[in-house]
Amino acid sequence: MENQIQFVQWLRSVAPYIHAFRGKTFVVAFPGELVMAGALPVLAHDLSLLHALGIKVVIVHGSRPQVEEQLGLRNVAPRYHKGIRITDTAALECAKEAAGELRLDIEAAFSQGLPNTPMAHAAIRIISGNFVVARPIGIIDGVDLEHTGLTRKIAAETIHSVLGAGGLVMLSPLGFSPTGEVFNLTMEDVATAAAIALHADKLIFITETPMMTDASGTEIRELSSHQAQAVLDSNCLASDISFYLQHAIKACNSGVPRAHIVPFATDGSALLELFTHDGVGTMISSENLESLRGANIEDVGGILQLIEPYEADGTLVKRGRELLEREIENFSVIEHDGVIFGCAALYPFPEEKMAEMACLIVNPEAQAQGDGEKLLRHTENRARALGLKKLFVLTTRTAHWFLRRGFVPATVDDLPKDRQHMYNWQRKSQVFIKNL
Ligand SMILES: CC(C)(COP(=O)(O)OP(=O)(O)OC[C@H]1O[C@@H](n2cnc3c(N)ncnc32)[C@H](O)[C@@H]1OP(=O)(O)O)[C@@H](O)C(=O)NCCC(=O)NCCS
C-alpha cells in the first residue's frame, strides 16, 4: 500500500518535467568507457524512455578504449601530441573498426523489446549517416596530426527531419571531408558542434568521471558558464573532467541553454539528473547568473524596499534597517541593471549542521521567472559549502512553493535548540526541512 502511494506520488512529481521537455531536443553523449562497463543496455532503456516522452534525442558515442583495443590487437603503439591522438593510417583503420562495431552494438541495444522489459513496444528506429563534415586539425608545433580532425559542420536540417519523423539520431566520432576523407574526431567535439548546430535545449555528457568537485572537495552542482570558466582556469580539475567542462562551456556560450555532466556510475543517472530537482551531476547554464551575488552594505536600501510590502502584509517578520545592516553578510541578492530584484538570507547553526533560509523574496514584477528557484539553489550551495546537511524554512504563506522544491514538513522540535527558543508561537509558522 505504501509502495503504491509512493509510486503515484512519484509519477505525479515527474509530470512538470514531462510537460517542460516534450518536443525539446537533447544531445546525449557518452564515452566508449560506458559501453566497456556494460552500461549500454540500461542507457538504451533510459533514452528510450526520453524518446517515449516526446523528447528528440541525438546520441553521440565515444570510442577511445575500443580504438585502443584495436590498436593493441594490431600491435600498433598509440601516438599522441599534447594529449591529442595522432591518427595515422593504421590508427584510422582502428577508429573505423571501433566505430562500426559500436554502432552495431548501439543499434542492437535500441532494438530490445522483450515483453516485461522497459523497452517492450518501443520500436525505436535509430538513424546514422554522413551527418558530420570534418576538417583536419593540421600541423601543431611541426607535428602533423594526420587524420585527426575537428567538426566543421553538422547536417542540422537532415537531422531535424529525422527527429521530426520520430527517429533517434546516432553520431559517431568520425567525420567526412569534401575531399572524401574520413577524420577521427572526439566525441566531445561532435556532441558540442551538434548541440550548437541543432539549437538543442540540452547537451548531456554521461561520463566515466566522478561528480565534479572544487578545490576543497565540495561537489559542484550548478554553475553559470562564467563560473565554470573560473573553475576551469583555477586548474583544480582532472584533465578528463576539464575536457568535458570546456565543451559544456563552449556549448552554453554558443546558445545551448543548459549542459549537464553526469557520471554514469549511478544507475539511471541521466533520468535522475533530468527528472529530479537536484539531479546527480553538474549543470552548466548559459544565462548570466552574475547578477546573483552576496549582498553588501550598499544593498540595504534595495532590500528594504523589497521586503517592506511583505512585512506590511505579514508574510515576513519585521526587521529594521539596523538589524539588516548588521546581518547583511547573511544575504544574497539578485540584481538586474543595478536594481535589487530578489534576496534570500542564510543563518547557519553549525552545531546541528543546519541552516535557516529566511527572507526569500522576489520582486512581484519579476516573479514566476525562476529567480526564486535560483536564490534557493544558491542558498543551498552556500549551506553545502559550509558543510551543513539540512536547510529549514519557517513560512506562513509559501508552504507549497517549498514543498514543490524538495522540502518536507517538520515540527518546531526538529529545529536547532537556539532557534526553538526564538520560535514565535503567535505567528504559528510552518516548518519545512530539506536534506542537502
Ligand atoms: C516565493 C517567491 C520567493 C518565489 O519567487 P519566484 O521568482 O516567483 O519563484 P519561481 O519563479 O522560482 O517559482 C514560481 C512558481 O512558484 C509559484 N508560487 C509563487 N508563490 C507561491 C506561494 N506562495 N505558494 C505556492 N506557490 C507559489 C508560482 O505560482 C510559480 O508557479 P509556476 O511555475 O507553476 O508558474 C516569491 O513568490 C515571493 O517573493 N513571494 C513573497 C514573499 C514570500 O512569500 N517569501 C517566502 C517567505 S518564507
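In this predicted model, an oxygen atom of the ligand lies 3.4 Å from an N or O atom in the side chain of Arg405. Taken on its own, the ligand has 890 Å² of accessible area, and the protein covers 73% of it. The points below describe the surroundings of the ligand and then the nonpolar cores.

**Around the ligand**

- The ligand is surrounded by 22 residues, of which Leu360, Ala368, Gly370, Gly372 and Thr398 are the closest.
- Two or more residues of the shell come from each of strand 20 (354-362), helix 14 (371-385), strand 21 (390-395) and helix 15 (399-403).
- Sorted by class, this shell holds nine nonpolar, eight polar and five charged residues.

**Nonpolar cores**

- The largest nonpolar core has 44 residues, and the members that touch the most others are Val27, Ile159, Leu171, Leu203 and Leu245.
- Helix 10, which spans residues 239-253, makes the greatest contribution to this core, giving seven residues.
- Leaving aside residues up to four places away in sequence, Val27 touches Val58, Val60, Ala191, Ala194, Ala195, Leu198, Ala200, Lys202, Leu203 and Ile204.
- Another core, of 34 residues, lies apart from the largest one and includes Leu43, Ala109, Ile126 and Phe275.
- As general background, nonpolar side chains tend to be buried together in soluble globular proteins.

Definitions and conventions:
Residues are numbered from 1 along each chain as its sequence is written. This is a predicted model: local features need pLDDT of at least 70, side-chain atom pairs count only at pLDDT 80 or more; totals for chains, interfaces and linings use all residues. Side-chain values use heavy atoms; hydrogens and water are left out. A residue is near a molecule or strand if one of its heavy atoms lies within 4 Å of it. A polar contact is a pair of N or O atoms within 3.5 Å; within protein, one must be able to donate a hydrogen and the other to accept it, and residues adjacent in sequence count only if both atoms are side-chain atoms. Accessible areas come from the Shrake-Rupley method with a 1.4 Å probe; for residues, only the protein chains shown count as cover. Helices (H or I, at least four residues) and strands (E, at least two) are DSSP runs, numbered from the N terminus. Ala, Val, Leu, Ile, Met, Phe, Trp, Tyr, Cys and Pro count as nonpolar, Asp, Glu, Lys and Arg as charged, and the others, Gly among them, as polar. A nonpolar core is a set of buried Ala, Val, Leu, Ile, Met, Phe, Trp, Tyr and Cys residues joined through side-chain atoms within 4.5 Å. Buried means under 20% relative accessible area, exposed over 50%, partly exposed in between (1.4 Å probe, protein chains only). Contact means heavy atoms within 4.5 Å.
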